Every structure is written in C-alpha cells, then in structure tokens.
Amino acid sequence: ASDRAAAAAVSAATTQRNALRAREIAAAATAGKDREAARRAVEAAEMELGPIRTSLGDLRRQVEEIAKTVLAQARVVGATATKLFLSPQTFGSFSTIIIDEASMLIPPALYNAAGLATERVIVSGDFRQLSPIISTNERCLKEELGRDVFSLAGIQRDFDAKRRDLKRTTLLREQYRMADPICRLLSQPMYRGMLRTSAQRPNATQLAPAPFAGPLVIVDTSTLGPVAAKDARGSWANLMSALTVRNICRHLSEAGLANDRDGVGAIVPYAGQRKLIQRMLADAKLDTITAGTVHRYQGDEKRLIVLDLVDGIGRSFPGLWHQADQPTDEGAKLFNVAISRARDHLVIVGDLAWLDRKLPGASLLRQWLHQVQDLGSVVDARRILAMWPMAEDLRRYGTTLAVDLDAARTGIFDEKDF
C-alpha cells in the first residue's frame, strides 16, 4: 500500500511539474507582447477567412456533385472494398460487381461489395495466396473473419479433395507471367500440377547478367556463417544476408536491369530485414528497387525477384512460414506469392547448410530449394560480397543488430546475447 501511495505521489508531482513548466513556456512566449493588438489581429484574420471558408464549402459541394455525375454516367467504376463501405452515399447499385484479390478480403467487406450488384457477382482470387489480415488474438474472430470466400463457399475443400466438378468455379490453368521453370516450382505443390505456362508467353526482353542469367539461382550464404539476430523491435535481421542482397541489386543495377521500377524487387519475410535492406539500397542510391515483405508485393511483379530467406545461425528453428508443409498453411501461401512475383528470374538468398539441418523433412521450402538446385544454379555468396569492399559496410550497419541495453552498458552478456 505504501508503495502504491508513493507511486501516486510521484505521479501527481510529475503532473504538477509539467503544468508549471508549460506555464513558464507560455509566459516566455508572450512576454512583452500587446495582448489587445494580438486580439484585434485575430479578429481581422477571422473576418478575412469567413468568405474563404464559404467559398471552399461551395467548391466542395460542386466537386461532390461532379463526382456523383461522373459515377452515374460511368460504365465502369473502380473502388476499394473499404471505400465502398465507408462512402455508401457515393456509390449506388451496379448490374455487375467484380471483386479482385478476393482471398484477402474479410467476409463482411466482400458481402457488402457483393450486395451492390443487381444481376451478378464475379469473384476473382487465389485461395493459395494471402488470407485476410485479422489483427486479433481472439481465436473465434480469426476463425470467422480470417476465412476467405473460397473456403466459406467450399471451393477450397472440393479442390483439395480433387473433385473435378467445382461448382460455379473456373480455374486458371494457363499463365503468362512466370518463366516456365518458375511456374513449375509452384504448379505441383500448390495447384496439383494443373497450372501451365502458355506457349504464347513472351520471352524475356532483357536477361540478367551472370551469374544470374538463368531463371533460377540460389546464392548460398553458408560459407559466410551469417548470423540472424533480433532488431530493437524484436524482428529478425541478418547482416551478411542483407549485404549479399544489396550487392546483388547493385550488380543488377549496373547491368541496366534496374533502370525502372519494373525491373528488380527484393522480398523478405521479416520487417527487421526489410528495413535493413531498404536502408542499404537507399544509401547505395538504388532508388528503383524496393525491399518489401510479401504483403507489400501482393499484386505486384518484377522481371527479377530476390527472395531473402534470412534465417540462419542464431535461431533455434526456422520461422513458421519456412516450416510449412501443406499448401493450405499460411507459410506456403506466403512463399507462393513471393515466388510468383518473378517474371523472368528468381534469385533465392539463403544459408543452405543451416536450412538443410533445420528444415522439417516434409517442408515445402526444402522441396523448393532442391528443385532450384536441380533446375538452376548455386552461387557462393562470397563471390557476390567480393564485388565491393565491405569493411565500411560492417561498421555502418553492424549497429543495427539489437543487443540488450543493459548488456551493452555493463559488458555482461548472457549466452543468447553473446
């Protein structure tokens, strides 16, 4: 009780001190000022602002009327599901509603959009890609709101049961985006081998430079002994892996593959690694290349994708999405999106030795890594790091890896921090 009373007293004293400090700052700011003159100036400004506010209100109403007219006359209207919900007065009914990227929509948002259709609803999406994002730890909410429309309609169940007569469903069987070796990585484990590359798919207009000329390449960082560590926010980062990704991007940029934002992208599983790589790219003035998580890249595509697996020494086990062994697992869906962003080239950066020891035997990532080694090539990361001196890089970026603050101050490290 005495501790609580003392804490309350300290809190009250702190509040009082802050109030006094605020008064002192206000007094210092108004010292020597003519209060009456300031009041008259404010009144004059208010009188000038009155007509301006009225004019702005009239302009807003005119814009709203123009928008209503445009929407009423438009043959096709595009909007996000969130916009439809937040601005119901803006949108009327439509004969046809087409809902794209439907797997990511929570059911209520999809139902609201579908309810605007008077004749038909077309739902387009992929139940093997990202599920709705639900920010809650409540299991019942995740089970209800975290299911996509394909699961609710029984389409995913019937597909997994290998039923041939999927009611009200047309499957995409021919794709034009990915080079065939990339498509083959995903077709069997994610789509029962039904996805094929069109014979009319155009060939790459610009090939990547060596050693990334092939469609599938692994850059093996195991010879570097790369360490994964948590950053200040508890997310994972891997300094040597990040430097490898940066050097790959620099090499591709110098070869002209990253001259526009359609060329090269870097995908990582963790926000900590994304921030580290993005900082390196910015410092190297590689402004056309973006490092992002899988959710950032949903719906996007690049001629070449660098996929950084990050995990390695310093972690007891691979991350959950690395361990996925079923196409319905969230980790498998994340990898499916990441891999399928690549059109002509997929470069995977990872510690093959560590992953071979740690990955579950049935994990899909293990299967994909073996396929890439069989169909593509493996490059030693030392070859990539040797392209540019990195002593200054280690000094500049090494401090981004988190160390317990007390340990940094006292120099006493436990086994984990060491």
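User: Hi! Where is arginine 192 in this fold?
Analyst: Hello! In this predicted model, arginine 192 is in the loop between α8 (180–191) and β4.

User: Thanks. What about arginine 168, where does that one sit?
Analyst: Arginine 168 is in the loop between α7 (155–160) and β3 (174–175). Arginine 168 is not a glycine either, yet has a positive phi of about 55°.

User: Is arginine 168 buried or exposed?
Analyst: Exposed: the relative accessible area of arginine 168 is 72%, and the cut-off for exposed is over 50%.

User: Switching to peptide bonds: which residues does the cis one join?
Analyst: That cis bond joins alanine 210 and proline 211, with omega at about 5°. Proline 211 itself lies in the loop between β4 (196–197) and β5 (216–220).

User: Nice. Last topic, serine 241: which helix is it in?
Analyst: Serine 241 belongs to helix α9, residues 239–254.

User: Buried or exposed, that serine 241?
Analyst: Serine 241 counts as buried, because its relative accessibility is 3%, and buried means under 20%.

User: What is serine 241 in contact with, leaving aside neighbours within four places in sequence?
Analyst: With those left aside, serine 241 is in contact with Gln273, Asp308, Val310 and Val349.

Conventions
Residues numbered from 1 in each chain as written. Predicted model: local features only at pLDDT ≥ 70, side-chain atom pairs only at ≥ 80, totals over all residues. Heavy atoms only, no water. Helix = DSSP H or I, 4+ residues; strand = E, 2+ residues; numbered from the N terminus. Buried < 20%, exposed > 50% of the residue type's maximum accessible area, 1.4 Å probe, protein only. Contact = heavy atoms within 4.5 Å.
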